[in-house]
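Subject: Structure handover

Hello,

Here is the structure you will be taking over. Please have it open while you read the notes under it.

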Amino acid sequence: MSTTPDDAAERHVPVLLQRCVDLLAPALRAPGSVLVDCTLGMGGHTEAVLEQVPTARVVGIDRDPHAIERASRRLERFGDRFRAVHAVYDEVADVVAEVVGEPVQGVLMDLGVSSLQIDERERGFSYAHDAPLDMRMDPTAGRTAADVLNTYDERELTRVLREYGEERFAQRIARAVVRRRDERPWTRSAELVELVRASIPAATRTTGGNPAKRTFQALRIEVNGELEVLARAVPAAVDVLAVGGRIVVESYHSLEDRLVKRELAAGATVSAPAGLPVVPEADEPYLRLLTRGAEEAPADEREANPRSASVRLRAAERTRPTPEHRRPRTSTNRPDRPGERTP
């Protein structure tokens, strides 16, 4: 299934687009500067950077080969200023080592499911349309949402729904899922929406939108290992930044934002025990926060682009190298990862 660059631009409205560019641009003004767009998607943020910062090059990472194809088509006019890599974004250190060969000046992460994935109904991300229960961001590898529903026991399903969907009725839904699959396996999203609706008390269905929203979020996070990937990706992304480089992260639910906040705050905080007369250099902060808490989209953008309603943006600048004892401990380039990188 192909699309034109214009189609790509129309199908995706980047959230807080100009704010992201404004935060990244000061670090990208020197000739040869490199931004790593860890969640390339339809390429909207990358396009804006390439247009507005003529000194910058961008390496775009995405686990979805369809996104790589569409964004590459959209951005081909920029020639060798853009390079796409098929990878999961916690492999950012390996991608930078292979493609750039030195620290970079910017990293951008726009987390969560993309408009492309939601719009392609057959991928099963949307609870608004009946589709196969897939939900893989990389449709070429890994287990599907149907696999999770058909193989996890009630206890594990409850954990997934409660932790990743923050679902109050997780156990009730999980029990109904297991009971239903004893009759026939799970295959379609509309059936799941119907079961979730029937499992939740009627009095709680009157507010908060579609009651299946939390279940679909939980399954998507589990299928794609999103929180585990993010927990590895943020420290790895900070570690590939040159001094003076900047990282910008857009999150769309509290679980993501909590991980991002914790990692950036740790880098911006003295790590030595309180009360020392002199703070050792190795314990001094290596990040400077660029946002006061998490920034939200302004009211006019929330009205024009509903996806921006839940965004939380955080940004930081690297002020010095990461002390050795605070660097990520292991490489993310593991042979058991789904899919192969294709720089």
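This is a predicted model: local features need pLDDT of at least 70, side-chain atom pairs count only at pLDDT 80 or more; totals for chains, interfaces and linings use all residues.

Residues are numbered from 1 along each chain as its sequence is written, and side-chain values use heavy atoms, with hydrogens and water left out.

The sheet. Seven strands make an open, mixed sheet, ordered S3-S2-S1-S4-S5-S7-S6. Strands (E, at least two residues) and helices (H or I, at least four) are DSSP runs, numbered from the N terminus; two strands pair if DSSP finds at least two bridges between them. On average, neighbouring strands are turned by 20 degrees against each other, direction ignored. Angles run from 0 to 180 degrees between N-to-C directions, and axes are lines fitted to C-alpha atoms, for helices over the stretch in contact.

S1 (residues 33–37) and S2 (residues 56–62) run parallel and are joined by five bridges. Ser33 has Ala56 as its bridge partner in S2, and Asp37 has Gly60. S2 is largely enclosed by the rest of the structure, because six of its seven residues are buried (under 20% relative accessible area with a 1.4 Å probe, protein chains only).

Helices on the sheet. H3 (residues 44–52) packs on the sheet and touches S1, S2, S3, S4 and S5; its direction makes about 175 degrees with that of S2. Contact here means heavy atoms within 4.5 Å.

The cores. A nonpolar core is a set of buried Ala, Val, Leu, Ile, Met, Phe, Trp, Tyr and Cys residues joined through side-chain atoms within 4.5 Å. The largest has 70 residues, and those with the most contacts inside it include Tyr89, Val107 and Ile247. Helix H12 (residues 226–239) gives the most to this core, with eight residues. Apart from it lies another core of 30 residues, among them Cys20 and Val311.

The helix pair. H8 (residues 154–165) and H9 (residues 170–181) pack at about 135 degrees, their axes 8 Å apart. That angle makes H8 oblique to H9, since angles under 35 degrees count as roughly parallel, over 145 as roughly antiparallel, 65 to 115 as roughly perpendicular and the rest as oblique. Among the residues that meet are Leu157 and Leu161 in H8, and Ile173 and Val177 in H9.

Regards

Terms used: Buried means under 20% relative accessible area, exposed over 50%, partly exposed in between (1.4 Å probe, protein chains only).
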